[in-house]
Amino acid sequence: MSLLMTTSQTVGPFSRIGLQWLYRDRLFADGTRGVARRVSGRILDGEGRGVDGATIELWQANPQGRYPSPLSSPCANSKLEGFGRIEASADGAFGFHTLKPGALGADQAPHMLVAVFARGLLRHLVTRMYFPDEGANDGDHVLGSLETGRRETLIARCGDDSPDHLLWDIVLQGPAETVFFDC
Amino acid sequence: MSKTAGFRRPMVGTQPDYLSPGYGSSRLRSPTRPLVLLLHRESETTGPLFGADLLGPSDSDLTGQHAGEPLGARILVSGRVLDENARPVVGALVELWQANSAGRYAHAGDSHEAPLDPNFTGCGRVLTDERGGYRFTTIRPGEYPWRNHYNAWRPAHIHFSVFGPAFATRLVTQMYFPGDPLLPWDPIFNCVPDEKARARLVAQFDWECTLPGRAMGYRFDIVLRGREATPLQPAAGGRS
Ligand SMILES: [Fe+2]
């Protein structure tokens, strides 16, 4: 028997009510060993204005390059390491703290999967963030499939203040538009 | 490396385009470049695991989160979370939020001049059981005006967010009520051309789940993407 997927609808402007209980801007518990990174940026619309009240969800492998195995039955204890959910402020600014994911295999560079939910988005947008100064980026099968200029929208920049600080903006529309995926 | 099967792409006509001219907020927020096809690897076929440790006793009863009862018509909303292969999605996290019975959200940004209800926050969450089933007790949300076009009103709706087995199955949607006269006027509800897809966003009155003398029941099933077949994988013993 086959069913058809339910139609996506926008989260609207008030998603904070339903989603804030699970806001977490630290993807790993304090004390977890790994390469710590602080990421900050803004979500911008087609006129360069900040997208207010967006929710961003993040998902990545742990510092050993591993993901949890999906379960087939309800579980008693959550495993949220590598998962983040944050709300952009009124001017579209967001930030989170994470550990760089470990190596993922021959043709995949360390990355995080990013979902954007906002008023105006009838279904969420999916993109990826990659890390700067990462040799494996050259061999990544996703980055390698993108044209120069667009590929760079997925790679965070190093902040001026500290090597631990990365900058990455999400541009929904326009010349600097971020690459979004049919995921 | 894990060879977990990827997920099917949604059927044409069942999912909205990002640019939806009738929905004003989509104009400056919709990408103009075509989406890039992303083959599903582990980061797409896995996701966080949500357990019972996250949930509190009143999380599925929106009428029981404050000292008093909220105003409005008490309702039960229940259904199943299934995948496109009609298999139950077990342990899915279902989150819900909504306006109160007067059409006002408990959110600082809601400027609609309708009363807040001190006994209603309007949010809940639950994990699906072994059959993929979920159930909420809440009150029927009110319609509310919005600024999309002249004299625009949103039909009564409940926002649903579902976390299935993988990041690729993530879904956020809205549930509507049968017979709502605002449905034909609403650009969000009408964002897809497939009439049957729209009809599936409308809950059904559920007499069997209605509590006599207490609460009307509504049924709303949610379908997440199904896994693609893995033809190279030898069949597991027995039928499934
Ligand atoms: Fe709403």
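In this predicted model, 75 residues of chain A and 87 residues of chain B take part in the contact between the two chains, where contact means heavy atoms within 4.5 Å. Residues are numbered from 1 along each chain as its sequence is written, and chains are lettered from A in the order in which they are written. Local features need pLDDT of at least 70, side-chain atom pairs count only at pLDDT 80 or more, totals for chains, interfaces and linings use all residues, and side-chain values use heavy atoms, with hydrogens and water left out.

The size of an interface is often given as the accessible area lost when the parts come together. Here chain A and chain B bury about 7300 Å² between them, with 61% of it on carbon and sulfur atoms; this buried area is the accessible area (1.4 Å probe) that two parts lose on being put together, summed over both. Six salt bridges are counted between chain A and chain B, a salt bridge being a side-chain nitrogen of Lys or Arg within 4 Å of a carboxyl oxygen of Asp or Glu. Asp182(A) and Arg9(B) meet through their side chains in a salt bridge, at 3.2 Å from N to O.

On the side of chain A that touches chain B, at least two residues each come from α1 (16–19), β2 (55–60), β3 (83–87), β5 (111–117), β6 (125–130) and β10 (181–182) of chain A. Helices (H or I, at least four residues) and strands (E, at least two) are DSSP runs, numbered from the N terminus. Strand β10(A) also runs parallel to β1 (residues 36–37) of chain B, joined by two bridges; strands pair if DSSP finds at least two bridges between them. Within this pairing, Phe181(A) has Val36(B) as its bridge partner.

Five bridges link β3(B) to the antiparallel strand β4 (residues 123–127) of chain B, where Glu95(B) is partnered by Arg125(B). Another five bridges pair β3(B) with β8(B), again in the antiparallel sense, and Leu96(B) stands opposite Phe160(B).

Leu93(B) has a relative accessible area of 1%. Its contacts beyond four places in sequence include Trp21(A) and Leu22(A), along with Phe50(B) and Phe163(B). The C-alpha atoms of Leu93(B) and Phe163(B) are separated by 5.1 Å, although the residues are 70 apart along the chain.

Most residues other than glycine have a negative phi. Asp133(A), in the loop between β6 and β7 (157–158) of chain A, has a positive phi near 55 degrees and is exposed, with a relative accessible area of 73%. Ala86(B) likewise has a positive phi, near 65 degrees; Ala86(B) is partly exposed at 25%.

Key
Buried means under 20% relative accessible area, exposed over 50%, partly exposed in between (1.4 Å probe, protein chains only).
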